[in-house]
Amino acid sequence: MEKFRVLTKGIVRHNDKYLVVERWYDDRIFDPYQWEFINGYVNFGETPEIALKRSILEQTGLTVEVTKTLYTWGFTAGEVCSSGIAFLCDAVSDNVRLSEDLHDSKWIDKDEILTTLSNKNVVEDIKNSGFIEDFAIDDFGEIDLFIDPVKED
């Protein structure tokens with residue numbers, strides 16, 4: 001049994017919509033269907049980006065380009081330590097073909113992400129990453145704040 005795993009999470013975007021998928025969890029008796037992003041794992045010899053592209057293709061049929069690292073996370077369950085990397089990805093199309101592991105999918109607006117995701121730990125990670133905020137860091141590392149000028153009376 002592996003003692004350490006590297007996980008991936010794909011936040012897939014297409015035309016300013018974001019893909020969430022619904023998965024069944026046997027151990028969640030009262031709410032077994034959970035909305036989430038695409039999760040995967042890194043096989044020996046794969047980079048996290050290659051593993052994520054594989055996982056997204058296997059689970060949704062989508063081809064993506066990994067565009068940005070958003071955040072990392074980690075946890076220990078029993079004797080297994082897991083570390084994960086979440087990436088923003090751009091999909092070539094929005095034609096989703098779900099694997100048997102997934103129950104449903106939908107494309108949502110960015111402002112729906114925090115209220116749609118079922119895992120509150122992922123919601124906190126997204127908030128802390130700054131991904132949802134109304135500012136962007138451009139290619140030169142400068143922050144665009146989108147502040148309206150103050151009007152004088």
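**View 1. The largest nonpolar core has 18 residues.** This is a predicted model; local features need pLDDT of at least 70, side-chain atom pairs count only at pLDDT 80 or more, and totals for chains, interfaces and linings use all residues. Residues are numbered from 1 along each chain as its sequence is written, and side-chain values use heavy atoms, without hydrogens and water. A nonpolar core joins buried Ala, Val, Leu, Ile, Met, Phe, Trp, Tyr and Cys residues through side-chain atoms within 4.5 Å. Buried means under 20% relative accessible area (1.4 Å probe, protein chains only). Ile 11, Phe 37, Leu 117, Ile 126 and Phe 131 touch the most other members. Two or more residues each come from strand 1 (4-14), strand 2 (17-24), strand 5 (64-77), strand 6 (80-91) and helix 3 (120-129). Helices (H or I, at least four residues) and strands (E, at least two) are DSSP runs, numbered from the N terminus.

**View 2. Phe 37 and its contacts.** Contact means heavy atoms within 4.5 Å.

View 3. pLDDT is the predictor's confidence in each residue, from 0 to 100. Helix 1 (residues 48-60) is highest, at a mean of 97. Strand 8 (residues 136-137) is lowest, at 47.

Definitions and conventions. Buried < 20%, exposed > 50% of the residue type's maximum accessible area, 1.4 Å probe, protein only. Lists of a residue's contacts leave out its neighbours within four places in sequence.
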